[in-house]
Each structure stands twice: as structure tokens, then as C-alpha cells.
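Subject: Model handover, backbone geometry

Hello,

Here is the structure for your files. Please look it over, then read the notes below it.

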Amino acid sequence: MFTDLPLDALHTYCPPRPEPAGFDAFWRRTLVEARTHALDACFTEVDAGLALLHTHDVTFAGFGGHPIRGWFLLPRAAAGPLPCVVQFLGYGGGRLLPHDWLLWPSAGYATLVMDTRGQSGPNRPGDTADPVGSDNPGVPGKLTQGLLDPHGYYYRRLFTDAVRAVEAARGHDAVDADRVVVAGHSQGGAAALAVSGLVPGLAGALIDAPFLTHIRRAVEVTDVGPYGELTRYFAGARDRIDTALHTLDHFDGLNFAARATAPALFGTALRDEVTPPSTGFAAFHHYAGEKELKVWRFNAHESGGGEQRAAEIAFLRGLFG
């Protein structure tokens, strides 16, 4: 069943942004603090059995100087410096294995896959710890970790890691620093959207079913995870809801979208209960750069799947030739 506003209403849905006072200063201080730590990006070539690619195990310093892992894949036959896709991951998953990330290097692009701190699953392994705890009680998962203070919130660390991943990619000799694209689905889409608003000079952004966008509406129209973590927290923390929402406003994709300038391709699906389509349309309408949107009428959180990837390949061809 359709789970949100009718399509004709979505095409004009552009709600007010919940921008907190000092939003820009908060993120400026955050990134200045992160850059006091040497990036120290290390690309160690490994044998992953992929004869057509150079495969590197990556480590760089993210938020707090914490080591963030990743993969860097480079087509052997391509002449550099190359465009690079910096890939961010969905909720609860890790960097997996190099052969899980063949799409972009097969299309001729360098690819940096950023592992997600503190997240992994039994079938989605990750290798990056999150050494920061929280004194605030929450529910299992990441959405309530540090929720009562934007300075201690989990996604401050994750979005800072994502900015640093772009800096690591730009610093590699095989990458054209002026042709870096960010990409992701769901939580990865949230990170790509955040970086689009925080990092100048990106060549493009691929933002599919973005999470953590129009959050105040999302928690009113869905209890499906991960947003369900927030609604369960609010049910018990009745006197802390406004404080928590104020924190979340610092991480809402609508505010990053309004600051983005890179050309972007969005995707959203009308039966998505995880990232309701009104939240994706709101991000699209607020996005300040050139933009396109693919709408998948009968799909859920998988969005357009392979067809969305095909549209992304065509989009990058349009950017890079």
C-alpha cells in the first residue's frame, strides 16, 4: 500500500526547514576540530583476487582522529587521474569485502568505500570501532546515542568521518580532486547529502532514499526502524522530546540540502516505510544545486534497485563523458 502523501502533493511538497540557530558555526567548529588531527590516509594494496583492479585497504583519521577503515578500488586499465566515487553505507552494515563494490570501478571510476564506525551485522561485516560512548540512556541502535546534545550525538561523528573520507580520496595521486562524487542509499544517502552541504567543489552527488531527512515528519508517519528507535525513545522520555528534536535538527538533511551546490541525482520510492517519500521529496525540493529525481511508484525501501544504479551510471557519464 502507499504509505505517504499522494504523488501530486509530493511534487510540490517543500516544508519549512528546522534549522537551529548557529547551524553553520556548529559544523564549522566540528570540521576545524577534526582537521587538527592529521588525516594520515594510508592506502595498502592487497590481493583480493580481482585481476582487473588495484585493491587497497584504507585507513584515515575521522572524527576525533579515530581510525576509519575502508576500501579503495582502482581500475588497472584506466589512465588517471580518475573521477572518484566516495561510497557511504546503509544502516547496520560494514564495508564488506572488495568484490562487493565492483560497480563503480567497472564503470571506470576510482572508488573509496567508507566503513561505518560502530556498525556491522552478521552478514554485513565492518572493521571500524566507535570509541565514543554516551552517558545518555537510549534504546538499542545508533539513533539515540548521545541524543540530548548535538556535540555528543553519534551522527556528528559519522558525518565528520564522511567529510574526511572525501579529503582522503582527494589526496590520492590517482584521483582527480575536482571530480569527486559522493554516493549512498538510506543512511549512506544521509551521509552523501550531509557531505554535499559541507564540502565545496564536489562534482556530483548520488542520493538514494535518504535517511535522517525531514526527521520531525518521519517520526510522525513511521515507526519502522531505524526511525522506530526514536519513537520508542520518545515514548519513554516524554520530558526530553524537544531537547532531542533540537539535537536532530543539527543533522537533518533538509539543512544540508539548502547548502549543496553539486549536481545531484535523487531516488525515492512511494511505498517506502523506512524513509517515507515525503522526506525524500522535501530534501529534493530544498536541494540548492542542479538536480534530478527518479520516482519508483511501486517500490519500497529498495528504491529503484538496479534501475536506479543504471540511472546513476548514466548521470555520471553526463558529468564526466
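Pro 226 sits in the loop between helix H6 (215-221) and helix H7 (227-236).

Some ground rules. This is a predicted model, where local features need pLDDT of at least 70, side-chain atom pairs count only at pLDDT 80 or more, and totals for chains, interfaces and linings use all residues. Residues are numbered from 1 along each chain as its sequence is written, and side-chain values use heavy atoms, with hydrogens and water left out. Helices (H or I, at least four residues) and strands (E, at least two) are DSSP runs, numbered from the N terminus.

Another cis peptide bond joins Gly 80 and Pro 81. Its omega is about -5 degrees. Pro 81 lies in the loop between strand E3 (67-75) and strand E4 (82-88).

Next, phi. Most residues other than glycine have a negative phi, and most peptide bonds are trans. Ala 209 has a positive phi, near 45 degrees. Its place is the loop between strand E7 (204-208) and H6. Leu 212 also has a positive phi, near 55 degrees. Leu 212 is found in the loop between E7 and H6.

Are these two side by side with solvent or buried? Ala 209 counts as buried (under 20% relative accessible area; exposed is over 50%, partly exposed in between; 1.4 Å probe, protein chains only), because its relative accessibility is 2%. Leu 212 is buried too, with a relative accessible area of 1%.

Best wishes
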